[in-house]
Amino acid sequence: MKSYQLVDFGAPLRETDLPNPQPSGHEVVLAVRAVGVCHSDLHLWDGEYDLGAGKRLMLRDRGIKLPLTMGHETAGEIVAIGVDVKDRKVGEVCLVYPWIGCGHCRVCRIGLENLCMNPRCVGIHCDGGYSDHLVVAHSKYLLPLDGLDPVAAAPFACSGVTTYSALKKLGSIIDEEPVLLIGAGGLGLMCLTILKAMGGKGAVVVDISADRRAAALKAGALAAVDASAADAAEQVAAALGGPCWGAIDLVGSPATASLAFNALAKGGKMVMVGLFGGAAPWPLPLIPMKAASIEGSYTGSLAELKELLDLVRKGAVPGIPIARRPMSAATETLEDLRQGRIVGRVVMTP
Ligand SMILES: [Zn+2]
Ligand SMILES: [Zn+2]
C-alpha cells in the first residue's frame, strides 16, 4: 500500500510503502479511486488553527497523531470486507462518509456523529485517502455510488455535505429569498450548485478574487461582489434587492463575519462554516438588538450525505470544476491551495 503521509507538521508529505491492510469485523478495505484535496487539509498540514488575539489551537494537543495519511473526501472500490459485513460487497464503488464519531455519546446516538467530542474522522484521526488503499471502520459509512463518477463524487463527502448542511440550517429562507454567500472557492461553487439543486432562489456571492467571482457567476450566482471594494456592503444590499435574511460565511475571517453580520436584517440568520481564523468582530448588543442568529456548521451528518447523494443521482447537482492530479503531486497541490492558485477542486487519483 503506497501512501502519502504527514510525518511532520508543515513538512512535505512522505511516500510510504506498507503491507496492504486486511479488514476484521465490520471493517471494509477500499482501493482508492479518487481523493479530494480540501482546505482543511492545509490546517492539518500546518498543525494549527488561528483563534484570534494571538491564540492558536495546536492539533498535536487535540489527538492528531503523526504519521497520518490525510484525505477525507474519498471514493473507492471495495476490495475486502470483514466477516461481520453483510450490507456491502467486494466490487462496489462507494463514497466514504468520513465524519465518524465514538458511536455512543448523545450526538452520535441521534445521528450527528460529525459533532462527536471523541471523533474518529477518516483522514484526520485515522488514516485517509491519500493512499491507494483505505480501511473504513464500519460498512455503514460507505455510500454506493451506483455508477456515479468517483472523481466527481469525492468532494461531496466534505465540501458537498458541508455546504448542504449549512444550506439546510437556513431552512425555508433559501426557498423564499436570495442568500448571501461569502467565499467562491471550492466550497462556494459547491454551495451554489447545491442551492440550485435544492430549488433555492439563488445567492449573491462575495469574494476578493476576480477569477473566483467569474467562476461563481458561471456557476449561477445572481451577482458577484468584490469584498475589497469600499462600498461592498452597499453593493451586496443592492444585489440582494431587499433585506438579507440568510447568509453563509464560508471564509470565517473577522472581515467576512462582519460583512455577513452587518448585512443581516432583524431576525436574520448567519451560518458560519469557514475556518480562516480570528476573533468574533460583532458588538455584543447588536446580537440581541438585531435578534440575529449565528449558527456554526461543521461538516454534515451521514443522513445529510445520503440525502445529498440522492439529489446527485437525480442529476440535479451539476459538477463543480475539478482538476485531476496524480497522488504523487499531493504536496505541490497543498502548496497551490495555500497560494490560492486553485479554482474549484483538485481530486487526486492513485
Ligand atoms: Zn474537507
Ligand atoms: Zn460520539
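Ala-291 sits in the loop that joins α10 (286-290) to β16 (293-296), where helices (H or I, at least four residues) and strands (E, at least two) are DSSP runs numbered from the N terminus. The model is predicted, so local features need pLDDT of at least 70 and side-chain atom pairs count only at pLDDT 80 or more, whereas totals for chains, interfaces and linings use all residues. Residues are numbered from 1 along each chain as its sequence is written, chains are lettered from A and ligands numbered from 1 in the order in which they are written, and side-chain values use heavy atoms, with hydrogens and water left out.

Although Ala-291 is not a glycine, its phi is positive, near 50°. Because its relative accessibility is 48%, Ala-291 counts as partly exposed; buried means under 20% relative accessible area, exposed over 50%, and partly exposed in between (1.4 Å probe, protein chains only). Thr-299, in the loop between β16 and α11 (302-313), also has a positive phi, of about 50°. With a relative accessible area of 5%, Thr-299 is buried.

Next comes the metal site. The zinc ion (ligand 2) is held by the SG atoms of Cys-102, Cys-105, Cys-108 and Cys-116, at 2.3 to 2.4 Å. Donors here are N, O and S atoms within 2.8 Å of the metal (3.2 Å for Na, K and Ca); water is not among the atoms, so sites may look incomplete. The spacing of these donor residues in sequence is C-x2-C-x2-C-x7-C. Angles of 104 to 116° among the four donor atoms make the site tetrahedral, a label that requires all angles of four donors to lie between 85 and 135 degrees. Cys-108 is buried, at 8% relative accessibility, and Cys-116 is buried at 8% as well.

Ala-232, Val-236 and Leu-240 are its buried residues. Viewed down the axis of α8, these buried residues fall within an arc of 65°, so they line one face of the helix; the arc is that of the directions from the helix axis to the C-beta atoms. An α-helix has 3.6 residues a turn, so residues three or four places apart point the same way. On the face of α8 turned away from the buried side are the exposed residues Glu-234 and Ala-238.

Definitions and conventions. Tetrahedral: all angles 85-135°; square planar, octahedral: opposite > 155°, others 65-115°.
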